[in-house]
Amino acid sequence: MLKKLYHLVLSMSLLLIPLLSSSNANAAEAPLFEKGKEVPLKVMSYNIHHGVGEDGALDLKRIAELIKQSGADIIGLQEVDNHFSDRSNFEDQAKWLADYLGMNYAYAANLDYEPLQEGQHRRQYGTAVLSKYPILSSENHLLTNIPYPVNPTEQRGLSETTINVKGNHVHFFNTHLDNKRAEQRDLQIKEILEIAKHNEGTSIFAGDFNATPDSGEIMKMSAQYMDAFAKLAQDVDFTYPSLPQPDRRIDYVFASDDVQIKSAQVIRTEASDHLPISVDLVISKKHVQN
């Protein structure tokens, strides 16, 4: 009896060997799969003037509510204070907005001063990124500041973040360029393009570029990346000043050519001296190995 049982088990084991071999072969030759579907993404750029509106009121909640109502997924903010001074009640504005909105954030200090008293926070001023999606990494690149005419003007920077948008790693850049000299902005644009070219995949840029679309420096930018408003040929695109009536476009969203630009709008508000812009995009599918 035991001998018959032994032969039965042996026979069944031999039958299973081809099946196991086939299973292992399929695992080794696993096909590519789509990590993250084609996904809509709303991006905003907003110079918030450290939270002070055209009515002179410091009101971060007003900024936050505007962002919430816009439905933006990723927001590039400029002129953001971090314990900077009494003009913003020494608030960590990026953290406050992120906490209020339930978003992730990354702060980039372009100005970084000693605290007024020992033991207090450093006083910083710069840009911030808010995101509904996880921020995987962030880095701030300080841009070259040439003398003007003896002393340099305000230090500017390029914030670089990598954001995981449903499996797609999006390189999101946020900047605020020099407001005094075209030659300074031209140099800063060249640096931005040099930094960005080292990344593969989707790139999106937001910021206050302090230059109009017909300027030489913006033409350099739009030669490499799609200007959302220009792509849609929209006439109503002025962003500054917010009151009494904007008369120029100096705030932008640019994107790499693997992004679809669906719509763009300027949002009317007196919450800052700039008007925010929001752009509806579609991020292309990415294929990665399992």
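This note goes through the predicted model point by point, from the whole chain down to single residues.

1. **Overall make-up.** The model is a prediction. Its protein chain has six helices and 16 strands. Of its 290 residues, 49% count as buried. The chain exposes about 14,800 Å². Carbon and sulfur atoms supply 53% of that area.

2. **Contact range.** Take the contacts between residues at least 6 apart in sequence. Of these, 70% join residues at least 24 apart.

3. **Helices α4 and α5: geometry.** Helix α4 covers residues 182-196, and helix α5 covers residues 216-224. Their axes come within 8 Å. The crossing angle is roughly 20 degrees. Angles under 35 degrees count as roughly parallel, so α4 and α5 are roughly parallel to each other. The crossing is left-handed.

4. **Helices α4 and α5: contact residues.** On the α4 side, the contact is made by Ala182, Arg185, Asp186, Ile189, Lys190, Ile192 and Leu193. On the α5 side, Glu217, Lys220, Met221 and Gln224 take part. By class, the residues of this contact divide into five nonpolar, one polar and five charged.

5. **Asp186.** This residue sits in helix α4. Is Asp186 buried or exposed? Its relative accessible area is 16%. The cut-off for buried is under 20%, so Asp186 counts as buried. Not counting residues up to four places away in sequence, Asp186 touches Glu217 and Lys220. Both of these belong to the α5 side of the helix contact. Asp186 and Ser215 are 29 residues apart along the chain. Their C-alpha atoms are separated by 9.5 Å.

6. **Helices α2 and α3: geometry.** Helix α2 spans 60-70, and helix α3 spans residues 93-101. The two pack at an angle of about 50 degrees, with their axes 10 Å apart. That angle makes α2 oblique to α3. The crossing is right-handed.

7. **Helices α2 and α3: contact residues.** From α2, the contact draws on Leu60, Lys61, Ile63, Ala64, Glu65, Ile67 and Lys68. From α3 come Gln93, Trp96, Leu97, Tyr100 and Leu101. The residues of this contact divide into eight nonpolar, one polar and three charged.

8. **Val253.** Val253 lies in strand β13, residues 251-255. Its relative accessible area is 1%, so Val253 is buried. Which residues does Val253 contact, leaving aside its neighbours within four places in sequence? They are Val43, Ser45, Ile204, Phe205, Ala206, Met226, Asp227, Ala228, Ile277 and Val279. One of them, Ile204, is 49 residues away in sequence. In space, the C-alpha to C-alpha distance between Val253 and Ile204 is 7.1 Å.

9. **Cis peptide bonds.** Most peptide bonds are trans. Two sites here deserve a check. The bond from Tyr240 to Pro241 is cis, with omega near -10 degrees. A cis bond also joins Leu243 and Pro244, where omega is about 0 degrees. Where do the two prolines sit? Pro241 is in the loop between α6 (228-232) and β13. Pro244 is in the loop between α6 and β13 too.

10. **Positive phi at His49.** Most residues other than glycine have a negative phi. His49 has a positive phi of about 55 degrees, although it is not a glycine.

11. **Positive phi at Glu79.** Glu79 is not a glycine either, and its phi is near 55 degrees. Its setting is strand β3, residues 74-82. Glu79 is buried, with a relative accessible area of 13%.

Technical notes:
Residues are numbered from 1 along each chain as its sequence is written. This is a predicted model: local features need pLDDT of at least 70, side-chain atom pairs count only at pLDDT 80 or more; totals for chains, interfaces and linings use all residues. Side-chain values use heavy atoms; hydrogens and water are left out. Axes are lines fitted to C-alpha atoms, for helices over the stretch in contact, and angles run from 0 to 180 degrees between N-to-C directions. Helices (H or I, at least four residues) and strands (E, at least two) are DSSP runs, numbered from the N terminus. Angles under 35 degrees count as roughly parallel, over 145 as roughly antiparallel, 65 to 115 as roughly perpendicular and the rest as oblique. A crossing is left-handed if the near helix is turned anticlockwise from the far one by less than a right angle, and right-handed if clockwise. Contact means heavy atoms within 4.5 Å. Ala, Val, Leu, Ile, Met, Phe, Trp, Tyr, Cys and Pro count as nonpolar, Asp, Glu, Lys and Arg as charged, and the others, Gly among them, as polar. Buried means under 20% relative accessible area, exposed over 50%, partly exposed in between (1.4 Å probe, protein chains only). Accessible areas come from the Shrake-Rupley method with a 1.4 Å probe; for residues, only the protein chains shown count as cover.
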